[in-house]
Amino acid sequence: MKKFTWLLIVFNFFIVNIIVFAQNPASDFVFDIDAQGRVSIVEYIGTSPNVVIPREIQGFPVVSVSGFGSFEGNTILQRVTIPEGVIELGWYAFTNCKNLVEVNLPSTLTTIGRFAFFGCTRLQRIILPSNVRYFDEGVFQNSGLTSITLPVGIKIIPVWMFKGTPIEQIVIPEGVTHIAGEAFADCKYLRVISLPSTIQRIGNSYLFSDVGIIGARYNNNEPLPQPFEGLSGIPERAGGNSVGGTFKNCENLTVINIPNSISQIEFVTHYEFWGHYYGEEAFVGCRNISLAVQERLRQLGYMGNFR
């Protein structure tokens with residue numbers, strides 16, 4: 001009898017896990033297909049808190065979650081698994097999914113779009129695939145993220161990427177050349193950050209709305225003005241708002257590990273554009289940074305405030 005009871009428990013556990021991890025039916029999604037036969041998930045219309053997106057729909061491969069807010073505002077969603085073959089998460093994909101606690105990303109993923117996990121306050125940890133190369137602005141802004149390992153191969157930490165998160169420490173991998181304005185603004189628990197030897201610019205105030213690639217021109221065919229000459233593709237669009245202040249109000253930040261190979265960092269604190277000044281100081285509000293680190297930052301060119 002005891003053996004039978006034990007087998008029944010194991011069987012029920014097995015069945016429950018099949019239910020939890022089985023892929024959702026195609027009817028749970030609104031989807032689209034392109035001329036190459038690739039399917040994009042446009043919207044989730046199911047009711048399950050645990051979602052497994054299918055790898056194929058009607059025999060066609062799913063390659064993106066690219067609807068404008070495919071899961072946005074879904075307060076039922078708790079866990080989601082995105083299948084192998086998906087290469088892109090689109091804009092606002094999981095914005096304000098307040099109860100999302102777990103996201104399983106595929107190794108094929110290369111791009112995470114604007115504000116993809118904005119406001120996911122219960123999402124504390126996420127494992128990023130090594131193939132991710134591009135993050136758009138505000139990907140994790142105001143989420144519950146406390147720790148993360150960034151993939152080697154990315155070049156830019158975009159504007160607002162970790163703004164308002166409770167992240168405590170982070171290592172910026174070798175190869176990253178730019179950290180955009182307000183990337184770590186209001187990270188009140190950030191204590192330690194390690195910068196790579198490849199860093200070229202921190203807190204650059206990039207003021208031009210909807211310009212994603214340096215070297216582009218305005219509608220009147222005027223070239224972009226200085227100081228952006230020589231940069232390549234900082235995805236930092238402010239929409240007319242002030243940017244900069246890369247580590248603004250990181251009140252608990254005490255340590256910044258700066259490699260000896262770095263001899264100068266260009267800190268853009270203000271920039272005049274049509275008679276107006278924009279931008280904020282990169283470390284304003286970081287009042288607990290040690291004096292030794294402050295001295296090093298001064299030597300590298302920082303002239304702003306720490307208080």
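Is Trp-91 buried, exposed or partly exposed? Trp-91 is partly exposed, with a relative accessible area of 35%; buried means under 20% relative accessible area, exposed over 50% and partly exposed in between, with a 1.4 Å probe and protein chains only.

The structure is a predicted model, in which local features need pLDDT of at least 70 and side-chain atom pairs count only at pLDDT 80 or more, while totals for chains, interfaces and linings use all residues. Residues are numbered from 1 along each chain as its sequence is written, and side-chain values use heavy atoms, with hydrogens and water left out.

## The chain as a whole

The protein chain has 2 helices and 19 strands. Both kinds of element are DSSP runs numbered from the N terminus: helices are H or I runs of at least four residues, and strands are E runs of at least two. Of the 307 residues of the chain, 49% count as buried. The accessible surface comes to about 14,900 Å², and carbon and sulfur atoms hold 54% of that area. Such areas come from the Shrake-Rupley method with a 1.4 Å probe, and for residues only the protein chains shown count as cover. A contact means heavy atoms within 4.5 Å. Among contacts between residues at least 6 apart in sequence, 44% join residues at least 24 apart.

## Aromatic pairs

Rings of Phe, Tyr and Trp (its six-membered ring) pair if their centres lie within 6.5 Å; planes under 30 degrees apart count as stacked, over 60 as edge-to-face and the rest as tilted. A search of the whole structure finds 18 aromatic pairs. One of them joins Phe-68 and Trp-91 in a tilted arrangement, 6.2 Å centre to centre with 55° between the planes. Phe-68 lies in the loop between β5 (60-65) and β6 (79-81), and Trp-91 in the loop between β7 (88-89) and β8 (102-104), so the pair ties together parts that are 23 residues apart in sequence. Phe-68 is exposed, with a relative accessible area of 61%.

Phe-247 and Phe-283 form a stacked pair, because their ring centres are 4.9 Å apart and their planes are at 10°. This pair links distant parts of the chain, 36 residues apart: Phe-247 is in the loop between β15 and β16, and Phe-283 in the loop between β19 and α2. Phe-247 counts as buried at 0% relative accessibility, and Phe-283 counts as buried at 0% relative accessibility. Both rings belong to a cluster linked by ring pairs, whose members include Phe-29, Tyr-44, Phe-140, Phe-247, Phe-283 and Tyr-302.

## Salt bridges

A salt bridge is a side-chain nitrogen of Lys or Arg within 4 Å of a carboxyl oxygen of Asp or Glu. By this rule the count comes to 7 salt bridges. The table presents examples.

| Pair | N to O distance |
|---|---|
| Arg-191 and Glu-168 | 4.0 Å |
| Glu-251 and Lys-188 | 3.8 Å |
| Arg-287 and Glu-251 | 4.0 Å |

Salt bridges that share partners join Lys-188, Glu-251 and Arg-287 into one network. Within this group, Glu-251 is partly exposed at 30% relative accessible area, Lys-188 is partly exposed at 36%, and Arg-287 is partly exposed at 49%.

The side chains of Arg-191 and Glu-168 also meet in a salt bridge. Arg-191 lies in the loop between β13 (178-180) and β14 (192-194) and Glu-168 in the loop between β11 and β12, so this pair ties together parts that are 23 residues apart in sequence. Arg-191 is partly exposed at 36% relative accessibility, and Glu-168 is partly exposed, with a relative accessible area of 36%.

## The surroundings of Lys-163

Lys-163 is found in the loop between β11 (156-157) and β12 (169-171). At 18% relative accessibility, this residue counts as buried. The side chain of Lys-163 makes a polar contact with the side chain of Glu-182 at 3.0 Å. A polar contact is a pair of N or O atoms within 3.5 Å; within protein, one must be able to donate a hydrogen and the other to accept it, and residues adjacent in sequence count only if both atoms are side-chain atoms. Not counting residues up to four places away in sequence, Lys-163 touches several others, among them Gln-141, Asn-142, Ala-185 and Cys-187.
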